[in-house]
Amino acid sequence: MEKVIEVERLAKKFGSFTAVDHISFEVYRGEIFGFLGANGAGKTTAMRMLCGLSKPSFGTGRVVGFDISRETEKIKSRIGYMSQKFSLYETLTVRENIRLYGGIYGMSRADIRKKMDLVLSDLGLSEERNTLVRLLPQGVKQRLAFSVATFHEPQIVFLDEPTGGVDPAVRRMFWELIYQAAANGITVFVTTHYMDEAEYCDRVSIMVDGRIEALDTPSALKQRYGVPGMQEVFYLLARKAQRKDG
Amino acid sequence: MIVAENIGMVYRQMLKEVVALKNVSLEVKKGEVFGLIGPDGAGKSSLFRILTTLLLPTAGRAFVGGHDVVDQFREVRNIVGYMPGKFSLYQDLSVEENLRFFARVFDTTVQANYGQIKDIYEQLAPFKNRRAGALSGGMKQKLGLCCALIHKPEVLFLDEPTTGVDPISRQEFWDVLKRLSGDGISVFVSTPYMDEARLCDRIGLIFKGEILAVDEPDKLVKRHDQKLVAFRGRNMYTLLQDIRQEAAVYSCFTFGDALHVTFHDREYVVDELVRRLEERGHEGVEWWPIEAGIEDYFMKLTNDRCDGKGD
């Protein structure tokens, strides 16, 4: 299988504090990879290195074939990113948001125009193209945010707690979008605090104190620890944390 | 301890009127942990702001500790502790300075009420000289709780204290709330995490400004009156899509590693559906009847309202 992420002994130090402690793992094309861990375990720091936003202190890594220390611009143009906290400009219209992000990712005007119609009809938003994003219902906004993050057809999309605070039906519909994207060959790298969502991933890693304590399919993890759900797996591993969450 | 009678809240936004709350009525007893459960935009924060006297309702009345939240707002403010959803302590003051500040605002001292916050504050003590703005999410939340408790309030209002917090810290936080309610403090808490509903004495489900139901968690889920069955198969995504195609099916959603399926007809024979799925080429389809959880019931209520579109 083709690897879209491969990191070896990746570490990040801030002064004497080791936020990410020599982690090694691989993610394959079309995989839904869940990246779990307690607050302060080092998830965000690791993710920033993978996206080319932060330089590793030690170790090597490649994302979509490019070096995460030296070829960060190439990585940035080939990945998508979305988080619950920030993804769309509320005071721009649907069309303006898409055009802005398409432009940032270096797409030509012609390409943006072509793809825009497709995406809008897919989302059923053709009529609302000139509506301000903040006036859209929450579920629609979320689907639009995902479409925007994947508009430039990245090989991998990073989702940082994409479903925090949304209602249960919207949360599930969002996951159906994730399945669709993965079926189309886009690799999905996702963090979440909802443990039922961990069950939807092909493989899951759990970070504790900057290290990856476990990495496997949800069913293999449940079997290994002899528990019925990912919630219990998470408790067993994360409770061992020594690091004081300051 | 809290009584809300037909509370309504309408915001004017440019030329549009936005209804945030519609006819909200509820009661919270002394020493009770009452959970307000609903997604973002349901109106939770508006209700919190009204009950803590920070926002005037456009309809209805509310009382906290017997005091009217509009006419007697000063009395209400003395007996409530409020932790807003957004971190609102002074980022440039240290942990210790924040705590001292909030104690003084309420004309008391940290020493006088230290017993109230001791267990939580001990975890913060190693960081007491750190600026509040530089704390991690879990620690900010603990400091927020300490500051809301330092004047010994009778009612504690916590607006989404656990949002974005990992499952372990969330569990610890709920243990603290249980203890506080054991001491007689009433706790009014909101959360978007349905699994936390089980930890409340009673819950209210709120959606689009309306309270859909109020009850004890165990009693609430018993109101779910549809046939509910869990499904599992080799390819869960195509299984989900094919089950949704079936006319007998009312709803089908993923729940962890299984699908939860409800039917229009309580008496529907599930074997029939399984046979049809196998005809479509699904292998190893398993199913078993299940009891509804809070999330099942919430989704049923909201599904009934928005015709399954989820927005």
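Chain B of this predicted model has an average pLDDT of 90, and 98% of its residues score at least 70. For the complex as a whole, the predictor reports an ipTM of 0.71 together with a pTM of 0.80.

The secondary structure of chain B consists of 10 helices and 14 strands. Its C-alpha trace extends over about 75 × 45 × 40 Å along the principal axes. Of the 311 residues in chain B, 41% are classed as buried.

Chain A contains nine helices and 10 strands, and its C-alpha atoms occupy a box of roughly 50 × 40 × 40 Å along the principal axes. Buried residues account for 45% of the 246 residues of chain A. Of the contacts in chain A with a separation of 6 or more, 69% are between residues 24 or more positions apart.

The two chains meet at an interface in which 32 residues of chain B are in contact with 34 residues of chain A. On the chain B side, the elements that supply two or more residues are helices α5 (137-149), α6 (167-182) and α10 (294-306), along with strand β12 (249-255). The largest contribution to this side comes from α10(B), with five residues. Classified by residue type, the side of chain B that touches chain A comprises 15 nonpolar, 12 polar and five charged residues.

Attention may next be given to the nonpolar interior. In soluble globular proteins, nonpolar side chains tend to be buried together. The largest nonpolar core in the model has 151 residues, and the members that touch the most others are V157(A), V188(A), C146(B), F157(B) and V187(B). Helix α6 of chain A, spanning residues 168-183, is the greatest contributor to this core, with eight residues. From chain B, the core draws at least three residues from each of domain 1 (2-222) and domain 2 (228-291).

The surroundings of V187(B), one of the core members with the most such neighbours, can be described residue by residue. When neighbours within four places in sequence are set aside, V187(B) is in contact with V33(B) and F34(B), with L156(B) and L158(B), and with L177(B), L180(B) and S181(B).

Definitions and conventions:
Residues are numbered from 1 along each chain as its sequence is written. Chains are lettered from A and ligands numbered from 1 in the order in which they are written. This is a predicted model: local features need pLDDT of at least 70, side-chain atom pairs count only at pLDDT 80 or more; totals for chains, interfaces and linings use all residues. Two residues are in contact if their C-beta atoms, placed from the backbone, lie within 7 Å. Helices (H or I, at least four residues) and strands (E, at least two) are DSSP runs, numbered from the N terminus. Ala, Val, Leu, Ile, Met, Phe, Trp, Tyr, Cys and Pro count as nonpolar, Asp, Glu, Lys and Arg as charged, and the others, Gly among them, as polar. A nonpolar core is a set of buried Ala, Val, Leu, Ile, Met, Phe, Trp, Tyr and Cys residues joined through C-beta atoms within 7 Å. A residue is buried if 20 or more other C-beta atoms lie within 10 Å of its own, exposed if 12 or fewer, and partly exposed in between; C-beta atoms are placed from the backbone. Domain bounds come from an automatic or database domain assignment. pLDDT is the predictor's confidence in each residue, from 0 to 100.
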